Amino acid sequence: MSDDGAAKSGELASGDNGQDPLCDSVQRGCKPADPELNLTPSSRFLQAELELNAHLRQLSFSEPVRYIYNPLEYAWETHRCFVDKYCQAGQKVLFLGMNPGPFGMAQTGVPFGEIRAVVDWLKITGEVGHPPDEHPKRQITGLACTQSEVSGARFWGFFKKLCGEPEVFFKHCFVHNLCPLIFMNANGKNLTPPELPAGEREKLLALCDILLCQVVKALDVSMVIGVGRVAEQRARRALTAADISVKVEGIMHPSPRNPKANKGWEEVVKAKLIELKVMSLLNEK
């Protein structure tokens, strides 16, 4: 994202009329909206993300990080479409991923955002721009992306099979990534947050922990389900430290790099969701 390894920001996507009050208020350094204004959960969620963006711009990263993409900036329009469409009152379960994949949220602005699931099932629309500095092998094509992401295809495909329609899933559940940034080395290889230099990683995740706590409060969820062990452990640590009373559990990550996920991921996750009594929520029609 930057030639010197520092995280820079792209232009925030604007609304249809070019004026986005949420974006504009943060860019001008205005104070967060007064919670007494009774903002909707989606508005509070987006406001918190914009505040995180402002803090992320101040961070810098050293080797092996060479490229940093923030889809909450260049893919803000599609991300906001996802949040406005599906983030709502009454959701009690938050599925938490770690950070974007190069052919998922990095392209679409949607967590686990495999292109066909985003366009055909979730019906997300909007323009996607570009990060300031793109690796030639990891260019952003937005909703025109033709490469499927296995993790996202498994994740959303599983819930499509269970729920039929998105509205059934989102009646009780929402999905969020702890960290919105994707990191790559000079060769374009994806770097996960655990692979970052320790001091830089902790500064980053401390900010992301704050957002997670804000999201849990805004949605008033009773359970956070980490998708993968790293997300689960980080969520438990952050929410415990903030003294937020919420149950934290975990499911296996659907990544093809996980051998166990390639041998019946759906069956393993289904059994876990039955154990957590989440499956009954997903079967409501």
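## Aromatic pairs

Rings of Phe, Tyr and Trp, the last represented by its six-membered ring, are taken to pair if their centres lie within 6.5 Å, and a pair whose planes are over 60 degrees apart counts as edge-to-face. In this structure, which is a predicted model, there are 21 aromatic pairs. One of them joins Phe 95 and Phe 155, whose ring centres are 6.1 Å apart and whose planes stand at 80°, so that this pair is edge-to-face. Phe 95 belongs to strand S2 (residues 93-97), while Phe 155 belongs to helix H7 (residues 150-163), and the pair therefore ties together parts that are 60 residues apart in sequence.

Phe 95 has a relative accessible area of 0% and is buried, and Phe 155, at 0% relative accessibility, likewise counts as buried. Phe 155 also forms an edge-to-face aromatic pair with Phe 159, with 5.0 Å from centre to centre and 70° between the planes. Because Phe 155 and Phe 159 are 4 residues apart in helix H7, about one helical turn separates them, and both of these residues are buried.

## The chain as a whole

The protein chain contains 12 helices and 7 strands, and 55% of its 285 residues count as buried. When the contacts in the protein chain with a separation of 6 or more are considered, 79% of them are accounted for by residues 24 or more positions apart.

## Helix H9 and its two partners

Two packed helices are described by the angle between their axes together with the distance between the axes. For helix H2 (residues 41-56) and H9, the axes come within 9 Å and cross at roughly 170°, and an angle over 145 degrees counts as roughly antiparallel, so H2 and H9 are roughly antiparallel to each other. On the H2 side the contact is made by Pro 41, Arg 44, Phe 45, Ala 48, Glu 49, Glu 51, Leu 52, His 55 and Leu 56, and on the H9 side by Leu 204, Leu 207, Cys 208, Leu 211, Gln 214, Val 215, Lys 217, Ala 218 and Leu 219. Sorted by class, the residues of the contact of H2 with H9 comprise 12 nonpolar, 2 polar and 4 charged.

Helix H9 (residues 198-219) also meets helix H10 (residues 229-241), where the axes come within 9 Å and cross at roughly 70°, and these two helices are therefore roughly perpendicular to each other. Here Glu 202, Leu 205, Ala 206, Asp 209, Leu 212, Cys 213 and Val 216 of H9 are in contact with Arg 234, Ala 235, Arg 237, Ala 238 and Leu 239 of H10. The contact of H9 with H10 consists of 8 nonpolar and 4 charged residues, with no polar ones.

## A charged residue in H10

Helix H10 also holds Glu 232, a charged residue that counts as buried at 14% relative accessibility. Apart from its neighbours within four places in sequence, Glu 232 is in contact with Gly 226, Val 248, Glu 249 and Gly 250.

Helix H4 (residues 76-86) is mostly covered, since 8 of its 11 residues are buried. The buried residues of H4 are Trp 76, Thr 78, His 79, Arg 80, Cys 81, Phe 82, Val 83 and Tyr 86.

Elsewhere in the chain, Arg 66 lies over the face of Tyr 67, at a distance of 4.3 Å from the ring centre.

How values were computed
Residues are numbered from 1 along each chain as its sequence is written. This is a predicted model: local features need pLDDT of at least 70, side-chain atom pairs count only at pLDDT 80 or more; totals for chains, interfaces and linings use all residues. Side-chain values use heavy atoms; hydrogens and water are left out. Axes are lines fitted to C-alpha atoms, for helices over the stretch in contact, and angles run from 0 to 180 degrees between N-to-C directions. Angles under 35 degrees count as roughly parallel, over 145 as roughly antiparallel, 65 to 115 as roughly perpendicular and the rest as oblique. Contact means heavy atoms within 4.5 Å. Rings of Phe, Tyr and Trp (its six-membered ring) pair if their centres lie within 6.5 Å; planes under 30 degrees apart count as stacked, over 60 as edge-to-face and the rest as tilted. Buried means under 20% relative accessible area, exposed over 50%, partly exposed in between (1.4 Å probe, protein chains only). A charge sits over a ring if NZ of Lys or CZ of Arg is within 6 Å of the ring centre and within 35 degrees of the ring normal.
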